[in-house]
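Welcome! Please have a look at the sequence and the model before reading on.

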Amino acid sequence: MKVEMKVDLHLHSTASDGTLTPRELVERAALERFDTLALTDHDSVEGIAEASETAAAYGVRLIAGAELSCGGQREIHVLGYGLDTRCEELLRFLGRLRAQREERAEKMAALLEQNGAPVSLARVRELARGVVARPHVARALVEAGHAASVAEAFERYLVPGKCAYVPKEDVKVAEAVSLIHRAGGAAVLAHPMELKLGMAALESLIGEWKAQGLDGIEVWHPSAAGNHAQALYALAAREGLLVTGGSDFHGPAVRESRIGEGVERWTTRETDLPALLARMGTYKTTR
């Protein structure tokens, strides 16, 4: 009897805003019999070496990835797969984003202080252990008693329109895609349904981004509930784009989820994964 391939191409560790170290994350996935994983920390590749070493020990394929933050008020994320983590241009770009995230955290802490919900910036950095992100501020808000959960902290303080929201630098999708290619990777639009656009508007944007080099769409994701995943799959087929899937797992301290969540429906992974691996091999790294 054929054993189904278990794949999760969207995972986060303590190198960004996850709560498991890269080693712990890969160990958990290996014990759950996953064959192929991608570590895709936000604007960071710092966990890749540890994750790769652990994956090799367990006989798991580990794809070196990252989730690059684009957009300003509307956040757009682009997943890079098969990245050369020694690419100097990529590392400079990620260093710039890391510095901006530090500045953003400082501004959020100041706004929270002004609005009667102070948190310790030192504690935010302690929670981060890597790239500082809004979930770390949210967790600090929960610890300080200003919210009952990370989700509530976001809704009360940290989303657009709320008192402590600070927008990021507006990195264009075309810039992220081009950088991913120069770092040897394939570029995939993360969780399209989280953009909260109608399918017509989404199709128009994806067509524009494909013309700028976008390689694929993350079709299988917890946000693509009901018929949305099938609509995205059909869109990818029409546009000739790669199809990927991932749980966006961050660990239990961020939100209740599990490795592989939302990916069980990805019935074409036996053909989609080799297509992604082949595309990853077509881009030459620049140094």
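Predicted model: local features only at pLDDT ≥ 70, side-chain atom pairs only at ≥ 80, totals over all residues.

## Parallel strands

Strand 1 (residues 7-11) and strand 2 run parallel and are joined by 3 bridges. To find one point of pairing, look at Asp8, whose bridge partner in strand 2 is Leu37. Between these two strands the chain passes through helix 1 (residues 22-31), and this β-α-β crossover is right-handed.

Strand 2 also pairs with strand 3 (residues 61-70): 4 bridges join them, and they too run parallel. Here Thr36 has Arg61 of strand 3 as its bridge partner.

## The two faces of strand 2

Which way do the residues of strand 2 (residues 36-39) point? Thr36 and Ala38 point one way, while Leu37 and Leu39 point the other way. Both sets are buried, so each of these residues has a relative accessible area under 20%.

## Cysteines

How many disulfides does the structure hold? The count is 0. Take Cys70: the nearest cysteine sulfur belongs to Cys87 and is 16 Å away. A disulfide needs the two sulfur atoms within 2.5 Å, and Cys70 is in no disulfide.

Are Cys70 and Cys163 buried or exposed, or in between? Cys70 has a relative accessible area of 1%, so this residue counts as buried. Cys163 has a relative accessible area of 29% and is therefore partly exposed.

## Two crossing helices

Now move along to a pair of helices. Two packed helices are described by the distance between their axes and the angle between those axes. For helix 5 (residues 134-143) and helix 6 (residues 150-158), the axes come within 8 Å and cross at roughly 105°. Because of that angle, helix 5 is roughly perpendicular to helix 6.

Which residues meet where these helices touch? On the helix 5 side they are Arg134, Pro135, Val137, Ala138, Arg139, Leu141 and Val142. On the helix 6 side they are Val150, Ala153, Phe154, Tyr157 and Leu158.

## A glycine in a loop

Our last stop is Gly240, in the loop between helix 9 (228-239) and strand 7 (242-245). Its relative accessibility is 52%, so Gly240 counts as exposed.

How far apart are Gly240 and Ala183? In sequence they are 57 residues apart, and in space they are 22 Å apart, C-alpha to C-alpha.

Conventions. Residues numbered from 1 in each chain as written. Heavy atoms only, no water. Buried < 20%, exposed > 50% of the residue type's maximum accessible area, 1.4 Å probe, protein only. Pairing = 2+ DSSP bridges. Right-handed = clockwise from strand over helix to strand, strands pointing away. Axes fitted to C-alpha atoms, helices over the stretch in contact; angles between N-to-C directions. Parallel < 35°, antiparallel > 145°, perpendicular 65-115°, else oblique. Contact = heavy atoms within 4.5 Å.
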